[in-house]
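Hi everyone, and thanks for coming.

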Amino acid sequence: MMGMKRVLLLGASGQLGNLVKNTVPVSMHLKALSRADLDLTDRLAVSQAVQEYAPAVIINTAAYTQVDKAEAEEKQAFEINATAVEHLAATVSLDTRIIHLSTDFVFSEHQKQPYKPDAAPLPVSVYGRSKLAGESALLAADNVHSIILRTSWLYSAMGRNFVTTMIGLLNTREELVVVNDQFGSPTSAVGLANVIWRFVMEDTANGVYHWSDQGVITWYDFAREIQSQGLELGILDREIPIKPVPTSGYPTPAARRPFYSALDSSATEAVLGIRTTPWQEPLRKVLEKLKETQ
Ligand SMILES: NC(=O)c1ccc[n+]([C@@H]2O[C@H](COP(=O)([O-])OP(=O)(O)OC[C@H]3O[C@@H](n4cnc5c(N)ncnc54)[C@H](OP(=O)(O)O)[C@@H]3O)[C@@H](O)[C@H]2O)c1
């Protein structure tokens, strides 16, 4: 354990948290806490956990992520996504780094090319505003070196996300309608977990960064590719029609979504010396993994 970097992971049982936990490099000593171990809104418990473990780096993947429900639960969303983040920053010592996850939903559609980290945010939902407030709190805390890592359209082979949902629907429905006027970039959560570990290993980066897989598509394009690869891999055994619809033609969810929220990951590529891959490649790996577990 001597010489190993001490890393505290918050939100360890979430989609991304799970993958961060499962990809820990050998040079790291990880303490992974789920909500059951540590409620981020419990200020005292958070201070105690941080003091006891004295991490060099905190990875915060915990968040209120239910975009539609947040419209009716603004207080809870802000408590977890903003106030708790502010308290976390106030708790840590000067030499602790916080790597905090944020979202493309801080943007809307005021731009029609991938947003760079310094593009002006303009969230259009409670969730987006609460995440932006968390970012601002962290950036304002001058006692802490933080990385705000925004990502988009996260998916993995486990749990409920667009890919697992689509596979379920494509297997059971006779036809699907999918929105074709919201543009963004899918991101494999396992790829993002590796990017997070790279940020943990390098010690200098500071500020806002973006990470998503390469390509700007709609949910309809995403669904079509999931079907096509699913058929090739034998996860799906029949093809059903997928119809494109505009957002206005879809049963209205509570929260407004951005029409264009693709992220420009070039600053992350430069600082970490890595490249994004076309989104279809990580999708195949995730579908292969899903096939193993079927
Ligand atoms: N999913 C996406 O498409 C997406 C896109 C862009 C950015 N992001 C960001 O990426 C990060 C990870 O997202 P994800 O997909 O892994 O979300 P997730 O699966 O919903 O995981 C979030 C985790 O946070 C935990 N949590 C909620 N409230 C908490 C509290 N008060 N104290 C401690 N833990 C708490 C949740 O526990 P419970 O399950 O017990 O509530 C859950 O395990 C988040 O910051 C999210 O905003 C996600």
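I'll start with the sheet, move on to the helices, and finish with the ligand. One thing to keep in mind throughout is that this is a predicted model.

Which order do the strands take? It is an open sheet of six strands, and the order is 2-1-3-4-5-10, with parallel pairing. As a quick reminder, strands of a sheet pair through backbone hydrogen bonds, either parallel or antiparallel. Now look at the edges of our sheet, where you will find strand 2 (28-33) and strand 10 (207-210). Each of these has a single partner strand, so one side of each is left without a neighbour in the sheet. If you turn the view, you can follow the twist, which averages 20° from one strand to the next.

Let's stay with strand 10 for a moment. Its parallel pairing with strand 5 (residues 145-151) runs over four bridges. If you want a residue pair to click on, take L149, whose bridge partner in strand 10 is Y209.

Helix 1 lies across strand 1 (5-10), strand 2, strand 3 (57-60) and strand 4, and it runs at about 155° to strand 1. Helix 4 (residues 126-140) lies across strand 4 and strand 5, at about 160° to strand 4.

How do helix 1 and helix 6 cross? Their axes come within 9 Å, with a crossing angle of roughly 60°. That makes helix 1 oblique to helix 6. The crossing of these two is right-handed. On the helix 1 side you can pick out Q15, L16, L19 and V20, and they meet A189, V190, L192, A193 and I196 in helix 6. By class, this contact of helix 1 with helix 6 has eight nonpolar residues, one polar and no charged.

Please compare that with helix 7 (residues 219-233) and helix 9 (residues 280-293), whose axes come within 10 Å and cross at roughly 50°. That makes helix 7 oblique to helix 9. Here, too, the crossing is right-handed. Helix 7 brings E225, Q229, G230 and L233 to the contact, while helix 9 brings Q280, L283, R284, L287, E288 and K291.

One more pair: helix 2 (residues 43-53) and helix 3 (residues 74-91). Their axes come within 10 Å and cross at roughly 35°, and the crossing is right-handed. R43, V46, S47 and V50 of helix 2 make this contact with H87, L88 and T91 of helix 3. Sorted by class, that gives three nonpolar, three polar and one charged.

Finally, the ligand. Which residues come nearest to it? Of the 24 residues around the ligand, those are G14, L16, R35, L40 and L154. Two elements give two or more residues to this shell, namely helix 1 (15-22) and strand 4 (97-103). The largest share, three residues, comes from helix 1. Sorted by class, the shell has nine nonpolar, eleven polar and four charged residues.

How values were computed:
Residues are numbered from 1 along each chain as its sequence is written. This is a predicted model: local features need pLDDT of at least 70, side-chain atom pairs count only at pLDDT 80 or more; totals for chains, interfaces and linings use all residues. Axes are lines fitted to C-alpha atoms, for helices over the stretch in contact, and angles run from 0 to 180 degrees between N-to-C directions. Angles under 35 degrees count as roughly parallel, over 145 as roughly antiparallel, 65 to 115 as roughly perpendicular and the rest as oblique. A crossing is left-handed if the near helix is turned anticlockwise from the far one by less than a right angle, and right-handed if clockwise. Two residues are in contact if their C-beta atoms, placed from the backbone, lie within 7 Å. A residue is near a molecule or strand if its C-beta atom, placed from the backbone, lies within 6 Å of it. Ala, Val, Leu, Ile, Met, Phe, Trp, Tyr, Cys and Pro count as nonpolar, Asp, Glu, Lys and Arg as charged, and the others, Gly among them, as polar. Two strands pair if DSSP finds at least two bridges between them.
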